[in-house]
Amino acid sequence: MPRQIDLLPKPAHVEPKKLIVLSAPRTGTYGLYLALQRLGFKPYHMYEVLAAGSTAVQILNDGLNADMFHKGKPYTREEFDKWFADYDVIIEMPFFMLHSILKAYPDAKFLLTERDPNKWAKSFTNTIGQMVKLFESFPMSLFKHFDSFASGMAHMGGSVFRYYSNGYGLSPEGEKHLAENYRNYIAEVKRLVPPEQLKVFRLEDKFGWEELCPYLGVPVPDQPWPSLNTPEEFHSIAGPKMKKAAMKGLAGTMSIIVPALAMGLWYLRKEKLF
């Protein structure tokens with residue numbers, strides 16, 4: 001069975017990658033995404049996945065399954081050129097397939113935003129963890145099977161959250177492992193990427209235009225940094241998609257339940273049991 005990425009046509013043109021951001025979600029990446037847009041760049045971020053829908057989610061899942069869980073063939077530069085053809089910056093996607101990205105772009109300019117591990121674990125729990133809980137609770141545990149976007153997001157969120165929490169999920173033990181594995185991820189990035197190719201920002205240092213623009217060789221704009229990196233911001237972005245998935249799931253469920261009830265009622269009347 002072909003991967004979703006294999007069904008995409010070979011692009012006529014591929015934008016050269018001006019920056020690859022290796023940061024984990026919940027480390028100021030959405031603000032960075034908006035900032036890069038305002039500077040005239042074309043970044044690909046999880047927001048693009050949410051906007052594109054189920055096809056993009058499946059492409060992401062195939063990539064992370066291969067890189068993180070060794071299920072399937074890892075992506076190479078050929079696959080990434082298809083996926084990111086129209087973009088000159090990649091954000092967050094490397095977190096899900098770090099080794100594949102580094103192998104495909106050995107000479108790139110990289111950026112890493114890091115955060116206090118305990119604060120990251122709490123923020124990851126309050127966003128991705130809550131999304132996972134939603135998909136595993138009724139009625140979304142049922143509804144997700146009627147919407148490919150919802151089922152794909154459930155797989156992505158659940159797989160990554162279980163992986164980084166060592167399977168302990170939403171628990172104090174899970175949060176402890178989240179922090180520990182995040183530390184390991186940061187150490188792995190710094191071990192694999194040559195220092196001269198990697199710029200590191202700390203979220204607690206409140207990085208902004210003055211740190212980003214010189215690294216990219218562009219002027220500092222006269223406007224505020226665009227995002228506060230709050231859980232409310234995450235839910236405002238993901239919420240409408242989840243609501244749409246829930247409505248589709250409800251419709252799918254009713255399409256099965258209503259005919260089944262009608263058939264049952266017909267049978268009871270036929271047998272004179274009702």
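**Figure 1. Aromatic pairs in the predicted model.** The model, which is predicted, holds 24 aromatic pairs. One of them joins Tyr30 and Tyr47: the ring centres lie 6.2 Å apart and the planes meet at 35 degrees, so this pair is tilted. Tyr30 belongs to helix H1 (residues 29-38) and Tyr47 to helix H2, so the pair ties together parts 17 residues apart in sequence. Tyr30 is buried, with a relative accessible area of 17%. Tyr47 is partly exposed at 34%. A pair that is edge-to-face is formed by Tyr75 and Phe80, with 5.7 Å between centres and 85 degrees between planes. Both Tyr75 and Phe80 are buried.

**Figure 2. An aromatic cluster, and a lysine over a ring.** One aromatic cluster is made up of Phe69, Phe95, Phe96, Trp120, Phe124, Phe161, Tyr163, Tyr164, Tyr182 and Tyr185. In a separate view, Lys109 lies over the face of Tyr215, 4.8 Å from the ring centre.

Figure 3. Glu48 sits in helix H2 (residues 46-52). Its relative accessible area is 15%; the cut-off for burial is under 20%, so Glu48 counts as buried. The Glu48 side chain makes a polar contact with the side chain of Tyr87 at 3.5 Å. Beyond its neighbours within four places in sequence, Glu48 is in contact with Tyr33, Gln37, Pro43 and Tyr87.

Figure 4. Five strands form an open sheet in the order S2-S3-S1-S4-S5, with parallel pairing. Strands S2 (43-44) and S5 (198-202) stand at the edges; each has a single partner strand, so one side of each lacks a neighbour in the sheet. S2 pairs with strand S3 (residues 89-91) in the parallel sense over two bridges. Pro43 has Val89 as its bridge partner in S3. Helix H10 (residues 172-192) lies across strand S4 (110-114) and S5, and runs at about 155 degrees to S4. Helix H11 (residues 209-216) also packs on the sheet, where H11 touches strand S1 (19-21), S4 and S5. The direction of H11 makes about 175 degrees with that of S5.

Figure 5. Lys82 is part of helix H4 (residues 77-83). The Lys82 side chain reaches the backbone oxygen of Ile5 at 3.5 Å. Leaving aside neighbours within four places in sequence, Lys82 is in contact with Ile5, Asp6, Leu8, Pro9, Lys10 and Pro11.

Key:
Residues are numbered from 1 along each chain as its sequence is written. This is a predicted model: local features need pLDDT of at least 70, side-chain atom pairs count only at pLDDT 80 or more; totals for chains, interfaces and linings use all residues. Side-chain values use heavy atoms; hydrogens and water are left out. Helices (H or I, at least four residues) and strands (E, at least two) are DSSP runs, numbered from the N terminus. Buried means under 20% relative accessible area, exposed over 50%, partly exposed in between (1.4 Å probe, protein chains only). A polar contact is a pair of N or O atoms within 3.5 Å; within protein, one must be able to donate a hydrogen and the other to accept it, and residues adjacent in sequence count only if both atoms are side-chain atoms. Contact means heavy atoms within 4.5 Å. Two strands pair if DSSP finds at least two bridges between them. Axes are lines fitted to C-alpha atoms, for helices over the stretch in contact, and angles run from 0 to 180 degrees between N-to-C directions. Rings of Phe, Tyr and Trp (its six-membered ring) pair if their centres lie within 6.5 Å; planes under 30 degrees apart count as stacked, over 60 as edge-to-face and the rest as tilted. A charge sits over a ring if NZ of Lys or CZ of Arg is within 6 Å of the ring centre and within 35 degrees of the ring normal.
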